[in-house]
Amino acid sequence: MNLFHQILIPTDFSLAAWHAVQLGLRLIAPENSRLTLLHVFPSGPSERSGDLELMEGLRRQMDDLCQTLERSQKKKIQPVILGGEVEGEVLKFIQANAFELIILGVNSNGVDNEPGSHISGIIAKANAPVMVMPNVINETHQVS
């Protein structure tokens, strides 16, 4: 299996996003590689202090998650938290970096496998291959 050295996984902490992380960990090369987890906090032009506190809490949560995964998986995982319009910020981040693969969770509702609102735009405009992970994985295609 060919492994990748630069993978991006935008995450909203949903089940499908977790499946994407699990797949990314299997597809990332063991050395000289970086798996980036990106969370975009939807925020407007005037951030309230509550938003800033929430964003800081998300940053700590993301840092803890990435450190735990790094220790258990022995792979370099970079956490990134941005604020703004989700699809636009994800696309800007993709364009500014040289990713070989983007893995997206299909949606955040966890009920079906209908694409979420940002998937189509990211697929259409990304400058790298995009893989979409389902919420529901049957036993023959289970990610471990």
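Is Thr 36 buried or exposed, and what is its relative accessible area? In this predicted model, local features require a pLDDT of at least 70 and side-chain atom pairs count only at pLDDT 80 or more, whereas totals for chains, interfaces and linings use all residues. Residues are numbered from 1 along each chain as its sequence is written, and side-chain values use heavy atoms, with hydrogens and water left out.

Thr 36 is buried, with a relative accessible area of 0%; buried denotes under 20% relative accessible area, exposed over 50% and partly exposed in between, with a 1.4 Å probe and protein chains only. The residue lies in strand 2, which spans residues 34-42. The protein has 4 helices and 5 strands, which are DSSP runs numbered from the N terminus (helices: H or I, at least four residues; strands: E, at least two). The elements follow the order β-α-β-α-β-α-β-α-β from the N terminus on. Of the 144 residues, 42% count as buried.

Beyond its neighbours within four places in sequence, Thr 36 is in contact (heavy atoms within 4.5 Å) with Ile 7, Leu 8, Ile 9, Gln 78, Val 80, Phe 93 and Phe 99. In the protein, residues 24 or more positions apart account for 74% of the contacts with a separation of 6 or more.

Two of the residues in contact with Thr 36, Phe 93 and Phe 99, are themselves buried. The structure holds 1 aromatic pair. The ring centres of Phe 93 and Phe 99 are 5.9 Å apart and their planes lie at 35°, so the pair is tilted; rings of Phe, Tyr and Trp (its six-membered ring) pair if their centres lie within 6.5 Å, with planes under 30 degrees apart counted as stacked, over 60 as edge-to-face and the rest as tilted.
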